[in-house]
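Here are my notes on this model for you to read alongside the coordinates. Please go through the points in order.

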Amino acid sequence: MTDEQLQQMVVEISQRDFQQPFLHQAYFNARLRTTGGRYQLESHNIDINPKMLTDFNEATLLGVIKHELCHYHLHLAHRGYRHRDTDFKRLLAQVGGSRYAPTPKQKTTQAYRYLYQCQRCGQRYYRKRRMDTTRYTCGRCRGPIRLV
Ligand SMILES: [Zn+2]
Ligand SMILES: [Zn+2]
């Protein structure tokens, strides 16, 4: 999905579920890590974490967009736009927005930290811990191993 398609989607949801136009910009922001989306108070733009779509599905994306649109419309109307505000809770329930964005999958932590390579045959060895290269030799050719 492109930023243009996202923008179009936000405009449509705003009109259909909030009966009010979305007059600012929505775009994907891959730098969002722990949140599904963010409404920017200063610019009124909405950032959406692309993982809501890639890690989850369109229904998840929809819930997050509605959530951000609740912030958006309430803030512009000078009503309670924060999570703890009654206005926010009421509107969110009314449009069926998600209360919490699901946590994006974290990048799988690297399984190894050290890469060793045989100096003779080039065989690579991935290890989580350091190993004493004076005590170990290549399992394939018995050549010397060195940390890469
Ligand atoms: Zn929020
Ligand atoms: Zn070797």
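This is a predicted model: local features need pLDDT of at least 70, side-chain atom pairs count only at pLDDT 80 or more; totals for chains, interfaces and linings use all residues.

1. Which helix gives the second largest pocket the largest share of its lining? That is α4, with four residues. By class, the lining of this pocket has four nonpolar, two polar and two charged residues.

2. Now take the largest pocket. It holds about 220 Å³ of space. Its lining counts 15 residues, and Thr35, Gly37, His67, Glu68 and His83 lie nearest its centre. Two elements, β2 (37-39) and α3, each give two or more residues to this lining. The largest share, four residues, comes from α3.

3. What classes of residue line the largest pocket? Eight are polar, four are nonpolar and three are charged.

4. Next, the helices. α3 spans residues 58-76 and α4 spans residues 86-95. Their axes come within 10 Å and cross at roughly 135°. An angle over 145 would count as roughly antiparallel, so α3 is oblique to α4. The crossing of α3 past α4 is right-handed.

5. Where do these helices touch? From α3 come Lys66, His67, Cys70, His71 and Leu74. They meet Asp87, Phe88, Leu91, Leu92 and Val95 in α4. Six residues in this contact are nonpolar, two are polar and two are charged.

6. Follow His67 through the model. His67 is part of the α3 contact with α4.

Conventions: Residues are numbered from 1 along each chain as its sequence is written. Chains are lettered from A and ligands numbered from 1 in the order in which they are written. Side-chain values use heavy atoms; hydrogens and water are left out. Axes are lines fitted to C-alpha atoms, for helices over the stretch in contact, and angles run from 0 to 180 degrees between N-to-C directions. Angles under 35 degrees count as roughly parallel, over 145 as roughly antiparallel, 65 to 115 as roughly perpendicular and the rest as oblique. A crossing is left-handed if the near helix is turned anticlockwise from the far one by less than a right angle, and right-handed if clockwise. Contact means heavy atoms within 4.5 Å. Ala, Val, Leu, Ile, Met, Phe, Trp, Tyr, Cys and Pro count as nonpolar, Asp, Glu, Lys and Arg as charged, and the others, Gly among them, as polar. On a 1 Å grid over the protein atoms alone, a cavity is a set of points where a 1.4 Å probe fits but cannot get out, and a pocket is an open set with protein on both sides within 12 Å along at least five of seven lines; lining residues have an atom within 4 Å of a point. Grid points are joined across faces, edges and corners, and a volume is the space filled by probe spheres set on the points.
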